[in-house]
Amino acid sequence: MKKIIIIHYSLLIAALLLCGTVFAKDQSIAYVDLQYILHNLPQYESANDQLTLISKRWQKEIDALQEEVRVLTTNYQTEQIFLSEAMRAQREEEILRKENEVLELKRKYFGADGELYKKREALLKPIQDDIYNAIQELADENRYDIVKDRSADPGLLYMSNKLDISDQVLRKLGAK
């Protein structure tokens, strides 16, 4: 009896695998290279330039505060032996306050939910949405079942160029 059940399960599994193979052959697949698309969109390059400028400005602000901490620390180390216990504690507290200010500013600008993240989201989300919509329109027009990003697929060893619709996406977005 157990052998009959095992045989039935084996037949069922074989039938499912065969059906999966038949259905997989009917799927139409296309690929895009999102990195290529992004780097060929002027609005993406403009957004990236804005983010770079903002990032550099904020980094200069942080660097200036870090320089203040360095100067305070150097002065404290030089004058430490001449200071009273109360003055030492006051200077150490001032240095710690400045160091915490630097850390807080780094977190505010560059942290996981910081200003740079929010700015990047505001500038790049509309571009990403446009790309997604263009891909979806092309997939609907050409009846692609699956559109994969070849730049994000490390397991992809070979792909025929005729499956790459990146240039079509760029044309749909109005880029060269």
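User: How many aromatic pairs does the count come to?

Analyst: This is a predicted model. Rings of Phe, Tyr and Trp pair if their centres lie within 6.5 Å. By this rule the number of aromatic pairs is three.

User: Is the pair of W58 and Y109 stacked or edge-to-face?

Analyst: The ring centres of W58 and Y109 are 4.4 Å apart, and the angle between their planes is 0°. Planes under 30 degrees apart meet the cut-off for stacking. The pair is therefore stacked.

User: How many residues apart in sequence are the parts that W58 and Y109 tie together?

Analyst: W58 belongs to helix 3 (residues 42-79), while Y109 belongs to helix 4 (residues 85-110). The pair therefore ties together parts whose separation in sequence is 51 residues.

User: Which class does the aromatic pair of Y109 and F110 fall into?

Analyst: The centres of the Y109 and F110 rings are 6.4 Å apart, with 75° between the planes. An angle over 60 degrees is the cut-off that applies here. The pair of Y109 and F110 is edge-to-face.

User: Which residues do ring pairs link into a cluster with Y109?

Analyst: Y109 is stacked with W58 and forms an edge-to-face pair with F110. The cluster linked by ring pairs therefore holds, with Y109, the residues W58 and F110.

User: Is F110 buried, partly exposed or exposed?

Analyst: W58 and Y109 are both buried, Y109 at 7% relative accessibility. Buried means under 20% and exposed over 50%. F110 has a relative accessible area of 32%, so F110 is partly exposed.

User: Which residues does K98 touch, not counting residues up to four places away in sequence?

Analyst: K98 lies in helix 4. At 19% relative accessibility, K98 falls under the 20% cut-off and so counts as buried. With residues up to four places away in sequence left out, K98 touches L65, E68, V69 and L72.

User: Are helix 3 and helix 4 roughly parallel or roughly antiparallel?

Analyst: Two packed helices are described by the angle between their axes and the distance between the axes. The axes of helix 3 and helix 4 come within 10 Å and cross at roughly 165°. Angles over 145 degrees count as roughly antiparallel. Helix 3 and helix 4 are therefore roughly antiparallel.

User: How many residues of the contact of helix 3 with helix 4 are charged?

Analyst: The crossing of helix 3 and helix 4 is left-handed. In their contact, eleven residues are nonpolar and five polar. The number of charged residues is eleven.

User: What pattern does the protein chain follow along the sequence?

Analyst: The protein chain has six helices and two strands. Along the sequence, their order is α-β-α-α-α-α-β-α.

Technical notes
Residues are numbered from 1 along each chain as its sequence is written. This is a predicted model: local features need pLDDT of at least 70, side-chain atom pairs count only at pLDDT 80 or more; totals for chains, interfaces and linings use all residues. Side-chain values use heavy atoms; hydrogens and water are left out. Rings of Phe, Tyr and Trp (its six-membered ring) pair if their centres lie within 6.5 Å; planes under 30 degrees apart count as stacked, over 60 as edge-to-face and the rest as tilted. Helices (H or I, at least four residues) and strands (E, at least two) are DSSP runs, numbered from the N terminus. Buried means under 20% relative accessible area, exposed over 50%, partly exposed in between (1.4 Å probe, protein chains only). Contact means heavy atoms within 4.5 Å. Axes are lines fitted to C-alpha atoms, for helices over the stretch in contact, and angles run from 0 to 180 degrees between N-to-C directions. Angles under 35 degrees count as roughly parallel, over 145 as roughly antiparallel, 65 to 115 as roughly perpendicular and the rest as oblique. A crossing is left-handed if the near helix is turned anticlockwise from the far one by less than a right angle, and right-handed if clockwise. Ala, Val, Leu, Ile, Met, Phe, Trp, Tyr, Cys and Pro count as nonpolar, Asp, Glu, Lys and Arg as charged, and the others, Gly among them, as polar.
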